[in-house]
Amino acid sequence: MLVLVAPGQGAQTPGFLTPWLDLPGVEDRLRAWSAAIDLDLVHYGTKADAEEIRDTAVAQPLLVASALISARQLFASPEDFASLVGAAAGHSVGELAAAALTGVLPDEAAMGLVRKRGLAMAEAAAVTETGMSALLGGEPETVLPHLEKLGLTPANVNGAGQIVAAGTAEQLAALAEDKPEGTRRVVPLKVAGAFHTVHMAPAVSTLESAVAELSPAAPHTRYVSNKDGQVVTGGQEVVQRLVGQVANPVRWDLCMETFKELGVTAMIEAAPGGTLVGLAKRALPGVKTLALKTPEDLDAARELIAEHASPAAENSAG
């Protein structure tokens, strides 16, 4: 059973979209989305430096565009996707790509929503100096109380020995000086705010207004939610969860547990892939993984799809 996943913020690197522009139709599609959302995706994905693409309002649309562009190279149609992929999910902003790939939202609507999401979260992040740091190693029963003591939120519980803490700059500095027992390293992330915490509450109301004009469809492929790792079968519920997740923790550990329960045998991570495959290698031993980084990875991805595609009869989203 094949799972397709889309990465979250922090996965972007300068120039990561450059090789994808060589594929037929990709630049035209990116320019059309750029015009629709008033953001030059081609410039930011090819020429902008690390600091420019760290900006939340830029990074989020870039990541969703990249995931859609790369995944669409592998599946000819929604029917093709539904017949070959057993489940799909995204990490944080990657959930919007997953919503488009599973047919909940058209690509254009997903790009419009992620632009509004990025702007709203950037505005919320500007109120207080906040950020996020990954804790590598340590057991949850030790790490979580330690974060609570420091006033930090476990914003991403990623499984495979990784929890991401979020809070103010002062709280994160205190964490760097006082690591939980068993934690090997504390790594600051390339993000511009404390996402998935109470600091993002102002963005929730903005997104609630934004989604009111959407007409989501039921997913044609199992959609696994960051909220609790559950398969969500209603389009409206998917969209409401997308809104709420902005200010609530990402439970990627539970998403991977669901993949395991569904019988996952292979995972493909859309571009810019790598982070989620790394987690899966530790948490889902025996599962074949492939990260789409450049178009050179597409042939290997097609081979993996041919070996592990889910029979259509077993891939009901309902």
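Let me begin with the sheet: strands β3 and β5 pair in the antiparallel sense over 7 bridges. Two strands are taken to pair if DSSP finds at least two bridges between them, and strands (E, at least two residues) and helices (H or I, at least four residues) are DSSP runs, numbered from the N terminus. The model is a predicted one, in which local features need pLDDT of at least 70 and side-chain atom pairs count only at pLDDT 80 or more, while totals for chains, interfaces and linings use all residues. Residues are numbered from 1 along each chain as its sequence is written, and side-chain values use heavy atoms, with hydrogens and water left out.

On β6, the antiparallel pairing with β3 (residues 130–137) runs over 5 bridges. Here Ala134 stands opposite Val187, and Gly137 stands opposite Thr183. The whole is an open sheet of 4 strands in the order β4-β5-β3-β6, with antiparallel pairing. Its edge strands are β4 and β6 (183–188), each of which pairs on one side only. From one strand to the next, the twist averages 25 degrees; axes are lines fitted to C-alpha atoms, and angles run from 0 to 180 degrees between N-to-C directions.

How enclosed are these strands? Of the 8 residues of β3, 8 are buried, so β3 is largely enclosed by the rest of the structure. Buried here means under 20% relative accessible area, with a 1.4 Å probe and protein chains only. Strand β4 (residues 153–159) is also largely enclosed, because 5 of its 7 residues are buried. Antiparallel to β4 runs β5 (residues 162–168), joined to β4 by 5 bridges, and Asn156 stands opposite Val164. The hairpin of β4 and β5 has 2 residues between the strands, and Ala160 takes a positive phi near 55 degrees there.

I turn now to the helices. In α10 (residues 201–211), the residues Ala203, Val204, Leu207, Ala210 and Val211 are buried. They lie on the same side of α10, because they cover an arc of only 125 degrees around the axis, the arc being that of the directions from the helix axis to the C-beta atoms. These buried residues pack against α7 (107–125) and α11 (235–245).

Next, the nonpolar cores. A nonpolar core is a set of buried Ala, Val, Leu, Ile, Met, Phe, Trp, Tyr and Cys residues joined through side-chain atoms within 4.5 Å. The largest has 83 residues, of which Leu30, Leu41, Met111 and Ile268 touch the most other members. Helix α4 (residues 56–72) supplies the largest share of this core, 9 residues. Leaving aside neighbours within four places in sequence, Met111 is in contact with Trp33, Ile37, Leu41, Pro61, Val64, Ala65 and Leu68, where contact means heavy atoms within 4.5 Å. A second, separate core of 18 residues includes Val3, Trp252, Cys255 and Val287.

Finally, the aromatic rings. Rings of Phe, Tyr and Trp (its six-membered ring) pair if their centres lie within 6.5 Å; planes under 30 degrees apart count as stacked, over 60 as edge-to-face and the rest as tilted. By this rule there are 2 aromatic pairs. Phe75 and Phe81 are edge-to-face, at 4.9 Å centre to centre and 65 degrees between the planes. Phe75 is buried at 6% relative accessible area, and Phe81 is buried at 1%. Trp252 and Phe259 are likewise edge-to-face, at 5.9 Å centre to centre and 80 degrees between the planes. Trp252 is buried with a relative accessible area of 0%, as is Phe259, with 0%.

Notes. Buried < 20%, exposed > 50% of the residue type's maximum accessible area, 1.4 Å probe, protein only.
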